[in-house]
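Here are some notes to read alongside the model, written for someone meeting a structure of this kind for the first time. Please keep the sequence and the 3D view open as you go through the points.

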Amino acid sequence: MIIAQQKPIKDIAAMIEDCKKVLLVGCAGCVTVCLSGGEKETEVLASSLRIMRRLQGNPLETVTITATRQCDPEYIEPLENLVKDVDAIISLACGVGVQYLAERFHDKWVVPAQNTMFVGGSRTHGVWEERCGLCGDCILHRTGGICPIIRCSKSILNGPCGGSQYGKCEISKDVDCAWQLIYDRMKALGKLDKLMEIQPPKDWSKSRDGGPRKAIREDVMIG
Amino acid sequence: MVGGGIAGIQASLDLAESGYLVYLVESSPAIGGTMPMLDKTFPTNDCSMCILSPKLVECGRHLNIKTYTCADVVDIQGEAGNFTVTIRQRPRYVHVDKCKGCGECAEACPIDVPSEFDQGIGEHKAIYKPYAQAFPNAYVINKEHCIECGACEEACQAGAIDHSMEEEIIELNVGAVVLCPGFQKFDPSQLTYYGYGKFPNVLTSLEFERILSASGPFQGHLVRPYDNKEPRRIAWIQCVGSRNCRIDHGYCSSVCCMYAIKEAVIAKEHSKEPLETTIFYMDMRTYGKGFEKYYNRAKDELGVRFIRSRVYDITEVGDESKNLRIRYAEEDGTIREEEFDLVVLSVGLEPSPEIAELCQKVGLEVNKYGFAEPAPLTGVGTNKPGIFIAGAFSAPKDIPETVMQASAAAGASASLLAEARNTLVKEKEFPPEKDFSGEPPRIGVFVCHCGVNIGSVVNVPEVVEMARNLPNVVYAGEYLYACSQDSQASMKQIIEEYGLNRVVVASCSPRTHKPLFQETVREAGLNRALFEMANIRDQCSWVHMHEPDRATEKAKDLVKMVVAKAALLEPVSQIVAGVTKAALVIGGGVTGMTSALSLADLGYRVHLVEKEQQLGGVARRIRQGLKGEEVQPFLNDLVNKVLSHSNIEVHLGAEVQTTAGYVGNFVTTLTNGKELQHGVTIIATGGEEYKPAEYLYGESERVFTQLELEEALDKGDPRIENGKTFVLIQCVGSREPERPYCSRVCCGKSVKLALKLKEKNPSASVFVLYRDIRTYGFLEDYYQEARRKGVIFIRYTPENKPRVENENGALKVTVTDHVLGVPVVISADVIGLAAAIVPSSSNRKLSQLFKVPLNEDGFFLEAHMKLRPVDFTSEGIFMAGLAHGPKNLEENIAQAKAAAGRASTVLGKDHLESHGMVAVVQQDKCAACLTCVRLCPYNAPRIRNYAAEIEPLLCQGCGTCAGECPNKAITLQGYKDHMQMSMSKALFEEV
């Protein structure tokens, strides 16, 4: 899932300084699961903003709603009635949701309440870890199910480098060396020979280097 | 049930819930025993009163527990299944049914009496209630001090006081008796060298407990009673009245080491100034579950100082401070002197003298110290069939073991009286509930004066008047005591007359009184969720007693809020499910078999699953119990009973493959493909002996583990027969960083083995190398005996462990003698290693299958370390034996019976009811994020079909999931957002 973390409330408040009435839109997708933008967080943020503004002598009116997902037009369409008389929209979705709202309601001031961090999973309740670099050309079958693109600080394809010490990466003792993990796992699987194959430079054009990407499935397209 | 402490309360509740009528006889004016006097409890530092109080309420309210207080059992005649018990009930001078506990009588009483509950440090009036949460919630007159002035009678508006009450003799016919009279604390004034009673700053540990307690004479403020000054240096002296043969108290009191550490830790917390705490001890006996960790933390992190020295003398320094001087010898013999502001004597436990008379009359055997030790390998049995024992009367023991033994005694009583189950119990019946759907709210408000408890501060008529004008309120009235029987009857009548469909009572604490009022509204045909309470006593008249006007305003606010919520209340239906009257017991050792047999005797079907091809477990390797019991005949007999019992199906060579369902309705498949339906599960997977990597184990064939040594001894192994020098090394694999717990049984076992070796060959040299000798309870006698018979005990430290070397085939042990401080070399023929007890390798898998937790050491973690020692937080699953932690055979048997006793409270019911106020998932909003699944302490939520589902029978209504659900898909019945919002709206309406 996409992991996002809420911005500090004073940053959010600064973005809507001039507004008298705002719509806060939560998202029941990834950000609900990573506990940062579901209905609960949306309502908590709304009341926090109201309290803050009231204390400043400049009361704010809020409307809240949580969309099933903000990354599908059908789910944001029903927001139209709510959007009409507000001065701004605060999205608690990831960057996709913010943009979808801005595109749909192009005459409204749409602001992000979150910093979209990474694609990852939950290690335990309250701890999320990055696991995918979205490179567009997956090589996990060659690296024992451990991604060197995102888990190696240098994203090197033929590791480890000289900065690997006692299983840790030189950038921090809290970061495992991905290549050590890859080595250990391949060894356990009896596939160390696979690591002897030299990986050629990666085709980064399938990643961000090729500019914004689009995925098209003609077989499922309508009409 | 003879004795109303925690043992009596637990055993009563277990039996009453299993379908038996219980008489609970307590000699003091209130049930509760010693627990209410304690401040915190080890090793969790839970508040003692907070964890006990729900049990007091439950016990007090139970329809099938009849409590007699101020009552002594004077005779028991008859036989198992048919006893006549004679009770002498002393006059209380207050009618329990009329007294509402308001306390006006005590206000009026002119006589001050030292409070027994506060250990004489504080005072109460001649008419008093022992402690605030006491059940019965009624006062009692101490006639010895009463001057019969009549002030209390005048003050009592309930007419409860009766100075003419007389002693009554009551005869009860019962099938089984459980003796759980508890203990009395050792009186240290007989040990004149400690100066107790002479020096004001020498206190007993129980007195210190009252000083620490928030409900104590100093409200938890740590001061010396002598001058109200805060102490800066406190010393604890261990073994006062324990391990002392000169005064016939040779036994170890088992609990003092832990309570002293706890008192030191809590004292440091309470003290505003830095506080030095020092504990003088002989052996640190922190052998229970989680105790060693507590000790290590106190020592290494919290700065409690431990000095190994027996103090023989305390003197006063001789100035006004009345501080105390302790002279003690350090380990190397250096004499030191230190000054302390306060000395606490860790007094031991002894049987109360009152019970001795009864025992003699009944012919119940007690040991030389007056304790009624259980009959061999029964855990709770006595020499009199049908009379069981539980708690500190059987041996000094702490709360969890007391609770365990109480549940075991309940289980044993239940098995004995299986035929009579459900013949005497009553069940409350209610009229069908009226349907108010679609009707507007019609709220009735009843405000209570609580005598003058509320009424003298809060202006009750004003509150009533205000309530009358609130929206939806159609009736508002007041009662002198809302909880009295006539008020209840009147309330029902008013509900009828005014067609009320919501009821609000403004009175005292919902904790104690909500169930009572809910019952009343149910009797009037209302769903119990249509009732709400405002606590205008604790929150108004008590805390604001000097500001009556503001207290009245606050009472009005609270009533306004609750009325606003009441208008939104909805009936909540309870889920009812049947119970499969069968048990699954996992583990065919002594523990599992004992549990299985207890339940089978109760008439329930039992599936006993054992992964090996034969029953018996580790006990097959044990020859004798710690008290010399012959284990093999006992074991064979047990196996035969299990195999021949028509209610037990034994599944050998099988393990659990999958399991599903919840309390009352589990379905489990075994590795042999069998599918079992069961209502409860008992996990009794046992433990294993650690295979040592140290002391040449496995390298020399003359290095044994304890179990191997025992087997070799029994078989007459020539290595043992011809041995002249034996060295037994303690703590092998226990109390080490990788296994920080104490294995508990090894000290006792080594002492027994040493004695056995000496018995075989008196001229043999037997050495025991130890860190602390932990022969708790009566095992201390064997330790004394071993020393008397010439077994040599040498203490070593973890920093300087013994060294074992093989010099040309000869075993050489080098250990530094703790007195001489020089290395001693022993040429050993045989070495016995007290190897740790390690958790069963199957624990981890079972923990995942049943979704029940393990602790850090790999043993199963109980629901509550003090009061629910065999329960898991998941209802319907229990544990016993080594699966729970290291224990000896006797203790495992008691725990096995306890687990069966607890399980029978589930199996004894024909259907289980959810308590109603459960959490409900709105599934279309659920993101299946797992938050509820991960956070629920009771394992109630599951994800099914991509959304969460909460099993109402498991949900305890705590609301954690509702609060944490990131998409607000979960609501807790009776606590919905709009209800809470309406309350704040009502509160701030005029602002």
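1. Two strands are said to pair if DSSP finds at least two bridges between them. With that in mind, and remembering that this is a predicted model, begin in chain B, where strand S32 (residues 656–662) and S33(B) pair in the antiparallel sense over six bridges. One position to look up in this pairing is Ala660(B), which stands opposite Val667(B) in S33(B). The two strands form a hairpin with two residues between them, and in that hairpin Gly664(B) takes a positive phi near 90 degrees.

2. S33(B) also pairs in the antiparallel sense with strand S34 (residues 675–678) of chain B, here over four bridges. Within this pairing, Phe666(B) has His678(B) in S34(B) as its bridge partner. S33(B) and S34(B) again make a hairpin, with four residues between them, and Gly673(B) in the turn has a positive phi of about 90 degrees.

3. Which residues of strand S33 (residues 665–670) of chain B lie on its covered face, and which on its uncovered one? The covered face holds Phe666(B), Thr668(B) and Leu670(B), while Asn665(B), Val667(B) and Thr669(B) make up the uncovered face. As background, side chains in a regular strand alternate between the two faces of the sheet.

4. How many of the six residues of strand S44 (residues 830–835) of chain B are buried? Six of the six are, so S44(B) is largely enclosed by the rest of the structure. Val830(B), Gly832(B) and Ala834(B) point one way from this strand, Ile831(B), Leu833(B) and Ala835(B) point the other way, and all are buried.

5. The strands that pair with S44(B) include S37(B), which runs parallel to S44(B) and is joined to it by three bridges; in this pairing Phe704(B) has Gly832(B) as its bridge partner. Strand S38 (residues 725–732) of chain B likewise runs parallel to S44(B), with five bridges between the two, and here the bridge partner of Val732(B) is Ala835(B).

6. Elsewhere in chain B, an open sheet of three strands has the order S41-S42-S43, with antiparallel pairing. Strand S41 (803–807) and strand S43 (823–828) of chain B stand at the edges, and each has a single partner strand, so one side of each is left without a neighbour in the sheet. The twist in this sheet averages 25 degrees from one strand to the next. Strand S42 (residues 810–816) of chain B pairs with S43(B) over six bridges in the antiparallel sense, and Lys812(B) stands opposite Ser827(B) in S43(B).

7. Turning to chain A, you will find an open sheet of four strands in the order S3-S2-S4-S5, with parallel pairing. Why is one side of strand S3 (61–67) and of strand S5 (109–112) of chain A left without a neighbour in the sheet? Both stand at the edges, each with a single partner strand, so that one side of each has no neighbour there. Strand S2 (residues 21–27) and strand S4 (residues 88–91) of chain A pair in the parallel sense over four bridges, and Val25(A) has Ser91(A) in S4(A) as its bridge partner.

8. Helices lie across the strands of this sheet: H3(A) lies across S2 and S3 of chain A and runs at about 170 degrees to S3(A), while helix H6 (residues 95–104) of chain A lies across S2, S4 and S5 of chain A and runs at about 180 degrees to S5(A).

9. Finally, consider the contact between the chains, which takes 10 residues from chain A and 10 residues from chain B. On the side of chain A that touches chain B, helix H2 (30–33) and helix H3 (39–55) of chain A are the elements that give two or more residues, and H3(A) gives the most, with three residues. By class, this side of chain A has three nonpolar, four polar and three charged residues.

Key. Residues numbered from 1 in each chain as written. Chains lettered and ligands numbered in written order. Predicted model: local features only at pLDDT ≥ 70, side-chain atom pairs only at ≥ 80, totals over all residues. Contact = placed C-beta atoms within 7 Å. Nonpolar A, V, L, I, M, F, W, Y, C, P; charged D, E, K, R; others polar. Axes fitted to C-alpha atoms, helices over the stretch in contact; angles between N-to-C directions. Buried ≥ 20, exposed ≤ 12 C-beta atoms within 10 Å, placed from the backbone.
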